[in-house]
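This report describes one protein chain, first as a whole and then at two neighbouring positions. The sequence and the model are shown here.

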Amino acid sequence: MTIFFTFWGLNALRRAEPIKTNKGLLEKAFGWMMPRGAKKLGLSKMNFGGLGPQMIKHVMKKHKALSLPDLIELAQEQGVKLVACTMTMDLLGLKQEELIDGLEYAGVAAYLGDAANGKVNLFI
């Protein structure tokens, strides 16, 4: 299985801690505006000022469901190919060292090649 992360999806792959990089003002602004890691992602329109994520985390814990960071780690352990979109990384000024370990990096054309040969693909 291949999961391709682009634009907002790349935020799930960001490291939680800030990484010092050499960026321009616009790239720094994008980094500041975007959530840092899977734990910081909003819950779409159900965010409700932070109450939505707290509610869903409570329900997930109650039902013993894995968190998004745990699911990403489990996917990596199971051999799922996690691919970060290099074009989007360039546009947003994201550097490889700002993302979690164990990723592959490719453009859309490479992903489409995998998708044509795969049975399951997710475009996030």
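Of the 124 residues of the chain, 30% count as buried, where buried means under 20% relative accessible area, exposed over 50% and partly exposed in between, with a 1.4 Å probe and protein chains only. The model is predicted: local features need a pLDDT of at least 70, side-chain atom pairs count only at pLDDT 80 or more, and totals for chains, interfaces and linings use all residues. Residues are numbered from 1 along each chain as its sequence is written, and side-chain values use heavy atoms, with hydrogens and water left out.

**Confidence and fold**

The mean pLDDT (the predictor's confidence in each residue, from 0 to 100) is 87 for the chain, and 96% of the residues score at least 70. Confidence is highest in strand S3 (residues 104-106), with a mean of 96, and lowest in strand S4 (residues 121-123), with a mean of 70. The chain contains 5 helices and 4 strands; these are DSSP runs numbered from the N terminus, helices (H or I) having at least four residues and strands (E) at least two. Their order along the sequence is β-α-α-α-β-α-β-α-β.

**Overall dimensions, contacts and surface**

The C-alpha trace spans about 40 × 40 × 25 Å along its principal axes. Among contacts (heavy atoms within 4.5 Å) between residues at least 6 apart in sequence, 65% join residues at least 24 apart. Carbon and sulfur atoms account for 62% of the accessible surface of about 8300 Å², computed by the Shrake-Rupley method with a 1.4 Å probe; for residues, only the protein chains shown count as cover.

**Two lysines in one loop**

Lysine 39 lies in the loop between helix H1 (25-33) and helix H2 (51-62), and lysine 40 is found in the loop between H1 and H2. Because its relative accessibility is 64%, lysine 39 counts as exposed; lysine 40 is exposed with a relative accessible area of 59%. Leaving aside residues up to four places away in sequence, lysine 39 touches Lys57 and Pro69. The table gives a C-alpha to C-alpha distance for each lysine.

| Residue pair | Separation in sequence | C-alpha to C-alpha distance |
|---|---|---|
| Lysine 39 and proline 69 | 30 residues | 6.8 Å |
| Lysine 40 and alanine 12 | 28 residues | 8.2 Å |
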